[in-house]
Amino acid sequence: MLSCVSAQAKQDDGTQVPIRKSATTTEMAAEVSAMARWSEPVNGLAARVDFVDPWGPAGYVVLVQLRNVGSSPLRVPMGNPPDSQLARLFELHKHDRKGAWHRVPWMPGEHLEGDGPKVERGGVIYAGHSAGQDIVRPPVVLQPGEGALVYLWGDRSGGDSWRHPLDVKIVLRLREGQNSTVAVDGPPLTMSKGGKSPSSIKTSNTSASTWTGVLETPPFPTRRAIKLHVHRRGQLECPTILPPVSYAVGHPLTRDLWGTQFEGLCQSNIALDAAVDLYQPLPMRSILEKRMAEASPMVVKLLIALPAPRMGSEPATSLLKNWAQTTEWREVRELHRALSHLLHCYGHETPPWVLVVVEKVLTDDRKLTFDRSSAGAGGVAARTVLEHATVEERLPLALARTKCPGAFSVLEANFKKYPSDYGVLALTWLGDPRAAPLLMDALRTRTLALQPSSWPDVDDLSRAVAKFRIQEAVPLLMEHSKSPEAVTALGRLGDLRARDYLEKLVNKEPGQMTEVSLAARIALAALEPDKRRARFEELLKGPFNDRWRAIEVVKKMAELEDPSLNPLFMAYVATSDDKHVVCASVEHLGRMKAREAVPVLLGSFDCKFDPETDNSKSSYTGGEHRANVVGALELISGEELGPDLEPWMIWWKQQPKL
């Protein structure tokens, strides 16, 4: 049970719901402990939900641990059958906003009661993710005290239409005589050309009885889980058996469609990779090292090796270091993608040995080599290792996102050896002030270059010098009158030497709204802080050639991070008929922690935009807007009151007036 409750709010039906307040350390510890509760045993078997990933590429993924708490061996299932005609063994149940539990499908069209016909979606049978069928997941035998981690997935979220998943639970139903063996037709998907099949999960001990019954996990707070995972690291009892590696996307037959084979494997197993950190590190390290030693081909070893160094695994660390010696193109690109993933996992805590490996790659000017017998190698550019890592795999950007100590020296070494657009972006994202001289020199070189197309790009450099407030860049930026980003940067720098220049650009094309003309108007509006609000307010009146120009102005305003502009953003939330302007304004007010915007945000809570069924890239549904508003309110208040309006209204009434 969640313990941080301080007030009650009424739903539309009159029922009472808790208002969540910011958790203290004690309350958070209680929540973390509650997430690890086991079910009551049923016929010697207990269960709990260990991890939920509602947004993964394989759909809605739930990892359930089954543990034999009896005195005899038990044969238990490891997943739902790929045959869509068979009933699901593991049912997904959701806790809705009214407090009731009900079953929801893993897949569209799924029969919730008993067996049903094959379900197809887009020509792909239910059991198959978009690249093909899921892998074989045979049952396993658990000795007394052993546990197995079960991998469950579907392409439909178990949350509500607001995209804020609530509590979920899993119900395992297995009746006497029901077949729990997972089998698929056709060749196994775990084979790699020229390689061996990875070791399968052993199902020996035929004397073990097959478990039967109805087993229900305790509720798992999906919405809170993401924020609480960091407090659960290394605390859970480690299962004895992990799910097999999934090849649904990473199968060699589809790897050219999905990019590197590692990327496909990673996408197919991303939930498992994220979950291993939750378990006690020493037993989990032993499991991973054993699987790494048995795995084939090499790219599977690489996949298994990635989480192991976080648990102190020397074999896994050595594998990554040794792989950095290769120059063969296919091996290089697999390693580079894996390093990006490793940096994402470590984040700010990236250790020195990883930085050493990354720096070796980002300064390695050896030429790539090719196995000419491999299909597709003939069209690959003859780049160096560092060029491939920088341009193709964008490793500098992955390193910059970590914000880890030591990242600057690696990015500096890469940029000095190979100045590029991605190097500029990485230094900008990192935000280390030591990057300013590097970027200024690059802009000077770019401005004085005899070839206008030389790298890095003027637009990226302009954004960079504006980010670092490099005033010396103003004369150089005025040499690039055809670059909208260079023109806009002049306004962010706030140097009045640029005012006459910007006015000339505006007057050069009176009445027109070209990219450069619009950039000059934005720069003039931003140039003098005491006049920004009035100038931007006038600028937003248009007229614009298309609505995207107005959105561009709003985004450029947001980049200034000027609190005096908050009233304008509040007005856009309340009155704009452009959903994208509303979206950008809500997000900005949240980032600015604009407390004065709370009444406006609450007032817009139930605004309607696109239909809730609109899944296009340009959509912004009412549900997405409510989720957006809740996110902004959480940033402003530091509270977590959930996806309903009423608790937020009560909280705001309790606050002292501004």
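Because the model is predicted, local features need a pLDDT of at least 70 and side-chain atom pairs count only at pLDDT 80 or more, whereas totals for chains, interfaces and linings use all residues. Residues are numbered from 1 along each chain as its sequence is written, and side-chain values use heavy atoms, with hydrogens and water left out.

The protein contains 27 helices and 17 strands, where helices (H or I, at least four residues) and strands (E, at least two) are DSSP runs numbered from the N terminus. Of its 658 residues, 55% count as buried; buried means under 20% relative accessible area, exposed over 50%, and partly exposed in between, with a 1.4 Å probe and protein chains only. The accessible surface of the protein comes to about 29,700 Å², and carbon and sulfur atoms account for 53% of this area, as computed by the Shrake-Rupley method with a 1.4 Å probe, only the protein chains shown counting as cover for residues. Among contacts (heavy atoms within 4.5 Å) with a separation of 6 or more, 69% are between residues 24 or more positions apart.

The largest nonpolar core has 144 residues, of which Leu-66 and Leu-502 touch the most other members; such a core is a set of buried Ala, Val, Leu, Ile, Met, Phe, Trp, Tyr and Cys residues joined through side-chain atoms within 4.5 Å. The largest share of this core, eight residues, is contributed by α9. When neighbours within four places in sequence are left aside, Leu-502 is in contact with Val-487, Leu-490, Ala-520, Ala-523, Leu-524 and Leu-527. A second, separate core consists of 41 residues, including Leu-540, Leu-565, Phe-569 and Trp-651.

The structure holds 28 salt bridges, each defined as a side-chain nitrogen of Lys or Arg within 4 Å of a carboxyl oxygen of Asp or Glu. In one of them, Arg-337 pairs with Glu-393, and the closest N and O atoms are 2.5 Å apart. Arg-337 lies in helix α9 (residues 329–346) and Glu-393 in the loop between α11 (385–392) and α12 (395–402), so the pair ties together parts that are 56 residues apart in sequence. Arg-337 is partly exposed, at a relative accessible area of 22%, whereas Glu-393 is buried, at 11%.

Another salt bridge joins Arg-434 to Asp-432, with 2.9 Å between the closest N and O atoms; here Arg-434 counts as exposed at 52% relative accessibility, while Asp-432 is buried at 17%. Asp-441 and Arg-444 also form a salt bridge, their closest N and O atoms being 2.9 Å apart, and both residues lie in helix α15 (residues 436–448), three residues apart, about one turn of the helix. Both partners are partly exposed, Asp-441 with a relative accessible area of 43% and Arg-444 with one of 35%.

Apart from residues up to four places away in sequence, Arg-532 touches Ala-525, Ala-526, Leu-560, Asp-562 and Leu-565, and Leu-565 is among the residues of the second core.
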